[in-house]
Amino acid sequence: MATVDTSLVHDAHTHEHDHHEPQSFWRTYVFSEDHKTIAKQYLITGILWAVIGIGMSIIFRLQLGFPKMSMAWLKPILGEWINESNQLDPNFYLALVTMHGTIMVFFVLTAGLSGTFSNFLIPLQVGARDMASGFLNMLSYWFFFVAGVIMFSSLLIETGPAGGGWVVYPPLSALPQANPGSGLGMTLWLVSMALFIVSQLLGGINYITTVINLRTRGMTFSKLPLTIWAFFLTAVLGLISFPVLLSAALLLIFDRSFGTSFYLSEIYINGEALPNVGGSPILFQHLFWFLGHPEVYIVMLPALGITSEIIATNSRKPIFGYRAMIASMLGIAFLAFIVWAHHMFVTGMNPFLGSIFMFLTLIIAVPSAVKAFNYITTLWRGNIRFTPAMLFSIGLVSFFISGGVTGLILGNSALDIQLHDTYFVVAHFHLVMGASSAFGLLAGVYHWFPKMFGRMMNEKLGYIHFWLSFAGIYCVFFPMHYTGIAGFPRRYYAFTSYEWTKTIFTDLNAFISIAAIVSFGAQFLFLFNFFYSLFRGRKATQNPWKSNTLEWTTPIEPGHGNWPGEIPAVYRWPYDYSKPGAADDFIPQTVPYSQTPESNLPHENELIAFEKEIEEAENLNDQFRQPH
Amino acid sequence: MNEELESVNFIEQEPEETLSMNPRKFILWLFIVSIIMLFAAMTSAYLVRRAEGNWLEYDIPPIFGYSTAVLIVSSLTIHWAYWAAKKDRFNTLKTAITITFVAGMAFLYMQFQGWVQLVDQKVFFVGNPAGSFMYVFTGLHAFHLISGLIVLLFALKASFQLRVHAKSLDQIEIAATYWHFLDILWIYLFLFLIYFH
């Protein structure tokens, strides 16, 4: 770092850190404190978990689509979980459903998405050398890693992993007698989740601090890319809601392991009364959903942020309603905390209270619709480039709308009585949150792959991957609305209790399962593309998407500290695409207004006077200049 | 000591940062937010559960009142330590921070005695949630207080090595802020338990 100003003595008792020290293999690639390496670690771990998590859904989809099919061929993997008649063990089915939910929501779409892109993009897009605390950031990943190891080990134990659904409602989850998975599997689940929460808190604290404290010269909040706004609000949501889940889990641990009665009231099992008195299982649901609902937005907001960036860049148009986008994200983040009881309409809640929560829930449609409209109006008459990232972003908008519309139906407390815990709910949240954020994740990987690895991904494979996934996901989840309206409950191993469920929708279920297998298969195209391009992909250029944001001003493969010299200053917002009068159809954030008189608007000409200040200001947030 | 002060005086004026808070202090505040949410969840769970009836009424052992007094004193002494550091009064600083640390340990011991008295009163961890919550609140607070003691230990070490002084206040500020927070958190929990027991 030639430009590090060592003459600047901040403090006699702190010393300038030497940033040139070559680090060992372990410190560079494994226990790294560099945000880019940690982001890649999160990405790779997230991909592994996604394969496991989606793979599980394929196994239980086989059971649902083809209930009589012989699963003997799965014996090498599942062993005893395939019983003597070559059928899937019903308890293991429940465990699969539980683990699919847990893995996808927490490990893939929370850690894999936020962990990858918040870590990777926040310092690069706000103009920082690294995260506020590299050490806490490293700790965050390794807590996640250990949480993952523990969760994975629960798959291998004899009684199987947790089987009470990803929401782990007591008393099912609190009593080991309830289900094989409620024994050791549930204990491991709770330990793993406690570590995961710590990991997310460490990560989130870092993201918030970095966005607030380490922005470069000129990077005001009103010039932040929408990705950063989204990651920032996501981290705030996590910071406020994850401790509540920790409380809930802690009390559940006490109930399970020490015999307290927070969630357990008078219960008889096999005619025998348990000693527990005076607990309240509904209490757990309140605590769980106080996290659980913001969690939906923790999963969704980063994907929406990534989409904002990709759609604007590839439409070659400024994002429509930049401030409206921020306001709607703020609105969503605020409302996220006061709607949790819409998951509990059928718990015997006071109907008046239910109608309040219904009202608050339906209000979320407003900011969500603002976002959807803004995406469409950004696309409108844009000079659209259909890169794979762009296709996945447009796919996200499609899922967000079609899944969001059913949210209006479910948010209605009267309709929810019929639809609660049916496949309609499954269809709703898989579209609006599952598939949407997965598409956001994939779009992000396609878009920032060149920055991460210095190479491009194959576009043709990307197109095939997109169309198979897009069509496949609609084929999986659209029919589920019908089975849900017909009353098919979710999480059931087989529909044999009633005559009518035995005969109808068997073809539809088979169709859904085939579509699921096709969509899952398409993801292997992505995996091949990812790992092939990692080593053999076309070399990336400096700014392959002709994008405005700061990360494309770094070297093609940024080193430690991201920028070799001074961190560039920022003079304009990140969405100056196709500005009338400008020579190029993009003007990066680092170009001052004084250099673009041909395209400036009157109020921008007035800003030229202040540019000298920004340019000459010392970057006091530059971590290389600060004593550690 | 004189050498120490001399080198301090030669330091040029530190430039002001764009945001007046340094990242480490900011991280502390965010950490405090997460602890607040943890206890907010716990106390609201308490209220929700209590409203459902079947609630054990018992007297809170008086030792919790005394321990509160000790913790408030420790909060005053850490502020005294901070004031001493600002004025470069190293001996006072060392005394004050040591008293704080000892008071913190005393508080923990008294909390434990409180548990012993609860057991004597036949209020157990396992049983009516009214009692269980009492143990969870005090236990979780004690857990955080131990983390506060660890932070304090680092500040203690630094001040004995004369690394805490008027130009290097971050460490003592962080320790003091966290300690004051733990104090206020306990006062909140204590008043809450008295009012809603």
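Let me start inside chain A: the buried residues of helix H10 of chain A pack against helix H13 of chain A, residues 413–419. Keep in mind that this is a predicted model.

Which residues of H10(A) are buried? They are Gly354(A), Phe357(A), Met358(A) and Thr361(A). Those residues lie on the same side of H10(A), because they cover an arc of only 110° around the axis. As for length, H10(A) has 13 residues, 351–363, and at 1.5 Å a residue they should span 18 Å; the end C-alpha atoms are 18 Å apart, so the two agree.

Next, helix H8 of chain A, residues 281–315. Its 35 residues should span 51 Å at 1.5 Å a residue, and the end C-alpha atoms are 50 Å apart, which agrees. There is a bend in H8(A) of about 30°, at Trp289(A). H8(A) is mostly covered, with 32 of its 35 residues buried. After H8(A) comes Arg316(A), with a positive phi near 50°.

Last, the two chains together. How many residues of chain B are in contact with chain A? There are 34, and they meet 37 residues of chain A. On the chain B side, helices H1 (2–9), H2 (23–51) and H5 (129–160) each supply at least two residues. H2(B) gives the most, 14 residues. By type, the side of chain B that touches chain A has 20 nonpolar, seven polar and seven charged residues.

Key. Residues numbered from 1 in each chain as written. Chains lettered and ligands numbered in written order. Predicted model: local features only at pLDDT ≥ 70, side-chain atom pairs only at ≥ 80, totals over all residues. Contact = placed C-beta atoms within 7 Å. Helix = DSSP H or I, 4+ residues; strand = E, 2+ residues; numbered from the N terminus. Nonpolar A, V, L, I, M, F, W, Y, C, P; charged D, E, K, R; others polar. Expected span 1.5 Å × (residues − 1). Buried ≥ 20, exposed ≤ 12 C-beta atoms within 10 Å, placed from the backbone. Arc of directions from axis to C-beta. Bend = angle between axes of the 7 residues up to and from the residue.
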